[in-house]
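Here are my notes on this one, in the order I'd go through them with the model open. Have a look and see whether you read it the way I do.

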Amino acid sequence: MMKAVVVYKPGGPEQLVYTDVPRPALKAGWSLVRVRAFDGGYAEYVLLPNEQIYPVQSELPWEILAAIPETYYTAFGSLKNLRIEDGYTVLVRGGASGVGIAFLRLMRAQFPHMYIVGSTRREEQRTRMLAAGYSDVVIEEDGILRTDERYDCILELVGPAVMKDSMKHLVRGGILCNTGLLGGKWDLEGFEPIGDLAEDAYLTSFYSGNVREEHLSELFAYIRQYKVPVRPERVFTLSDTAEAHRWLEGRDGFGKAVVLV
């Protein structure tokens, strides 16, 4: 047996139950992995297909190492797809999210003076986001950014629910990378490419499931080279996973949380 956090019925954080469950049984082509800290893997052991296991060389402690593969890998892949160059202006829509803060830290480490703006629906996040490193903060109301600024690149973490509005804030020839789905919509409805894409704009995307060993190694090399601060905002134990979700979903939730097993 092993300890795990499981969900038996729909609901909020109160449905995350810390309990005993059978340890996964080995099978051909898969490996049983002991979880030390994990981003979203709430169990002491997990069964993984061998093609999804990659070696990593790092001296980071578990609570910091665990924040990198999902959150920073997603942010790093988005950064690469945005083709960002020194001197660009950048908007992170959903800037207070875990991926948003990871993206900001990756950017600031390489481009310390770049103009990077973060958006949020909550005015009370402004001070915290500025302290995190954003050049400015834009408030979003009812899916509309309250600014007339345009940007060379937009990291879209809210997703298809607001993409039409985001396109209005791209410069000619700009790039938008759709990575997140914080707006709760997975597809574009009523999006007419010729009319709704910004002039000469490029639309790309990134998905954290697109994992390659060479890209993972490149990310760790980037973090070492630019001394990127990757420490999570909060660290919880496995038995406190429900509390971690309450924090993430509450008004104080900001950046990344990690669960130590």
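1. A word on classes before anything else: Ala, Val, Leu, Ile, Met, Phe, Trp, Tyr, Cys and Pro count as nonpolar, Asp, Glu, Lys and Arg as charged, and the others, Gly among them, as polar. Keep in mind, too, that this is a predicted model.

2. Searching the whole structure turns up one cavity of 30 Å³ or more, and the largest cavity holds about 40 Å³. Its lining has five nonpolar, two polar and four charged residues. The residues around the largest cavity are Thr71, Tyr72, Gly98, Ile101, Ala102, Arg105, Val230, Arg231, Pro232, Glu233 and Lys256. Which helix gives the most to this lining? That would be α3, with four residues; α2 (68-81) and α3 (98-110) each supply at least two.

3. Now the open space. The largest pocket takes in about 1,400 Å³. It is lined by 47 residues, and those closest to its centre are Ser97, Gly98, Val99, Leu157 and Leu182. Two or more lining residues come from each of α2, α3, β7 (115-120), α8 (241-249) and β14 (257-260), with α8 giving the most, four residues. By class the lining comes out at 19 nonpolar, 21 polar and seven charged residues.

4. The second largest pocket has about 990 Å³. Of its 27 lining residues, Phe38, Leu48, Gln52, Tyr54 and Pro69 are the closest to the centre. Here the classes divide into 18 nonpolar, four polar and five charged. Helix α2 gives the most to this lining, three residues, and the elements that supply at least two include β3 (30-34), β5 (45-49) and α7.

5. On to the packing. In soluble globular proteins, nonpolar side chains tend to be buried together. The largest nonpolar core has 41 residues, and Ile84, Phe103, Leu106 and Met107 have the most contacts inside it. Elements that each supply at least two of its residues include α2, β6 (89-93), β8 (136-141) and α7 (213-226). The largest share, seven residues, comes from α3. Beyond its neighbours within four places in sequence, Met107 is in contact with Leu79, Ile84, Val90, Pro112, Met114, Ile116 and Tyr222. Apart from that core lies another, of 13 residues, including Leu145, Tyr151, Ile154 and Ala198.

6. There are 13 salt bridges in the whole structure. One of them joins Lys80 and Glu218, at 3.0 Å from N to O. The partners sit 138 residues apart, Lys80 in helix α2 and Glu218 in helix α7. Lys80 is partly exposed, at 32% relative accessible area, and Glu218 is also partly exposed, at 33%.

7. Is the pair Arg93 and Glu140 buried or exposed? Arg93 is buried, with a relative accessible area of 0%, and Glu140 is buried at 8%. Their closest N and O atoms are 3.1 Å apart. Asp165 joins Arg93 and Glu140 in a network of salt bridges.

8. Last, look at Asp200 and Arg172, whose closest N and O atoms are 2.7 Å apart in a salt bridge. Asp200 lies in the loop between α6 (193-196) and β12 (202-205) and Arg172 in strand β11, so parts 28 residues apart in sequence are tied together. Asp200 is partly exposed, at 45% relative accessible area, whereas Arg172 is exposed, at 61%.

Terms used:
Residues numbered from 1 in each chain as written. Predicted model: local features only at pLDDT ≥ 70, side-chain atom pairs only at ≥ 80, totals over all residues. Heavy atoms only, no water. 1 Å grid on protein atoms, 1.4 Å probe; cavity = no way out; pocket = protein on both sides within 12 Å on 5 of 7 lines; lining within 4 Å. Points joined across faces, edges and corners; volume = space filled by probe spheres on them. Core = buried A, V, L, I, M, F, W, Y, C linked by side-chain atoms within 4.5 Å. Buried < 20%, exposed > 50% of the residue type's maximum accessible area, 1.4 Å probe, protein only. Contact = heavy atoms within 4.5 Å. Salt bridge = Lys/Arg side-chain N within 4 Å of Asp/Glu carboxyl O.
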